[in-house]
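Q: Please go through this model and set each label against the rule behind it.

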Amino acid sequence: MFKNLFNNLFNKAIYTGLLTITLLASPQLSARGVYQSGPDFIAEVFTPQQPEAGVLWFNDNIREQAEKILGHRVLGLRVRYHHSAGKSAWILNEIGKEMPITIGVVIDQGKISSVKILAYRESRGGEVRYPAYMAQYQGATLTDSYKLDKSIDGITGATLSVWAVNKVAALALYYHSQVASQPQ
Amino acid sequence: MKSSNSVKRNIIWHRRLGLSIFLLLIFLAISGFALNHSPALKLNKISLSNSWLLSWYGLEKPLIKGFKLDDKWLYENGNNLLYVDRQAVAPCSPPLLSVAKSTNILYALCADSLHLLTDNGQLLESFSQLDELPVNARAISAADNSLYLITDSAVLEFDPDSLALQPAEIDSASLNALTASLPVPEFLMQQLEENTGPSISLETVILDLHSGRFFGQFGVLIMDIVGLLICILSITGLFAWINRLRQIKQ
């Protein structure tokens, strides 16, 4: 009898332990990862069209404004994008808490048409990649103060990632406006 | 007569003890004062990175290796940043595998990305595994105004304008890739150490000197003896004072 009781308790302890480990590990397992490569994202955005590749070189004004939007130094002298018929796609990196998040932003006729997390490297806060959250950016434009004209609901525990996506979305809109204003 | 001798002996020993530990006493008083006011004096904010001190504490200075290209040093700083001489230019997962120069562009291949830099060391842009840089890329080499990426199984030609990779019909053995890194010179290491290298706070050093731990178990024992001597010194001092009072009364 005692043997059965002991076995039952032992089994329960093992199941509870495994369940706890799974629950504790699951947010971390689900948060980190590369979800889509850059070329795959571009292909998905423009299919069936064949987009043109473009390069936006930073002049002093662009750099200054980009740094104001991001709130820190912008690395690089140029940024690459793809475009077709008034639509442009940008793949930009921004640090959430400690690691860069790779974010793809598609702008169509001056408005955000989609935002997607391509790679997330932080251990927490990966909820920003959920479609329900990303859908909030659809239709957003840039205000005169270079901020998004829509208010984006935050996510508890992912505040820094949300800020990073907000900044990148605004930056992509700004870059798009610069490309649109440049003579082709 | 007997008591006068013992009084004399007491005073002699009091003097001897006082003289033998007076320097240590002054040090203990000053270091104790400094430790008591450590936050106000910001002793914990003062970092010491003297190589003798670090080796005394058993801290190893990291050996940073890099590549010299023309007159510039390119290296990963041990903290996931690519440096060109004294300037951090891009994130770089270690190791920095290889560097090359072709048509006024410097290339630096880190474990997960290829960085394109101007010839004065400014970052142009980065090409990462997310942009389909092969995971097994191990070296880069410039030849005939082209840049070749050498992987474990193939050689690819890299176009810096379109960031496209094309298979190249060239044997990797015929390419001269710079892959053997060298220790970064001392003047660059010094600057790195000031910014990111290991260091010990002045507060820790003073605390360890105050307790004697700085010199290991031997130092602690010495400080214990000094503590004991301070007690004896106070007792002999007290006796000397009492005897003095007696003499005055008599």
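Q: Why is Ala43(A) called partly exposed?
A: In this predicted model, Ala43(A) has 15 other C-beta atoms within 10 Å. A residue is buried if 20 or more other C-beta atoms lie within 10 Å of its own, exposed if 12 or fewer, and partly exposed in between, with C-beta atoms placed from the backbone. Ala43(A) therefore counts as partly exposed. Ala43(A) lies in helix α2 (residues 38-46) of chain A; helices (H or I, at least four residues) and strands (E, at least two) are DSSP runs, numbered from the N terminus.

Q: How are residues and chains labelled, and which parts of the predicted model are used?
A: Residues are numbered from 1 along each chain as its sequence is written, while chains are lettered from A and ligands numbered from 1 in the order in which they are written. The model is predicted: local features need pLDDT of at least 70 and side-chain atom pairs count only at pLDDT 80 or more, whereas totals for chains, interfaces and linings use all residues.

Q: What is the predictor's confidence in chain B and in the complex?
A: pLDDT is the predictor's confidence in each residue, from 0 to 100. Chain B has a mean pLDDT of 87, and 97% of its residues reach 70 or more. For the complex, the predictor gives an ipTM of 0.72 and a pTM of 0.67.

Q: Why is α6(B) said to lie largely in the open?
A: The number of buried residues in α6(B) is 2 of 34, so this helix lies largely in the open. Across chain B, buried residues make up 22% of the 250 residues.

Q: How do you know that the span of helix α6 (residues 216-249) of chain B agrees with its number of residues?
A: The expected span of a helix is 1.5 Å times one less than its number of residues. For the 34 residues of α6(B) this gives 50 Å, and the end C-alpha atoms are 50 Å apart, so the two agree.

Q: What makes strands β3 and β4 of chain B a pair?
A: Two strands pair if DSSP finds at least two bridges between them. Strand β3 (residues 72-76) and strand β4 (residues 81-84) of chain B are joined by 3 bridges and run antiparallel, so they meet the rule. Tyr75(B) stands opposite Tyr83(B) in β4(B). The hairpin of β3(B) and β4(B) has 4 residues between the strands, and Gly78(B) takes a positive phi near 85° there.

Q: What makes β5 and β14 edge strands in chain B?
A: The open sheet of 5 strands runs β5-β4-β3-β2-β14 in chain B, with antiparallel pairing. Each of β5 and β14 (182-183) pairs on one side only. On that side, β5(B) is joined to β4(B) by 4 bridges, with Gln87(B) as the partner of Val84(B) and Pro91(B) as the partner of Leu81(B).

Q: Asp85(B) or Thr103(B): why is one called partly exposed and the other exposed?
A: Asp85(B) has 16 C-beta neighbours inside 10 Å and so counts as partly exposed. Thr103(B) has 10 and so counts as exposed. Asp85(B), in the loop between β4 and β5 of chain B, has a positive phi of about 50° although it is not a glycine. Thr103(B), in the loop between β6 and β7 (105-109) of chain B, has a positive phi near 40° and is likewise not a glycine.

Q: Which residues count in the contact of chain B with chain A, and what is their class?
A: Two residues are in contact if their C-beta atoms, placed from the backbone, lie within 7 Å. The contact takes 12 residues from chain B and 14 residues from chain A. The elements giving two or more residues to the chain B side are β5 (87-91) and β9 (123-128), and β9(B) gives the largest share, 3 residues. By class, the chain B side has 6 nonpolar, 3 polar and 3 charged residues. Here Ala, Val, Leu, Ile, Met, Phe, Trp, Tyr, Cys and Pro count as nonpolar, Asp, Glu, Lys and Arg as charged, and the others, Gly among them, as polar.
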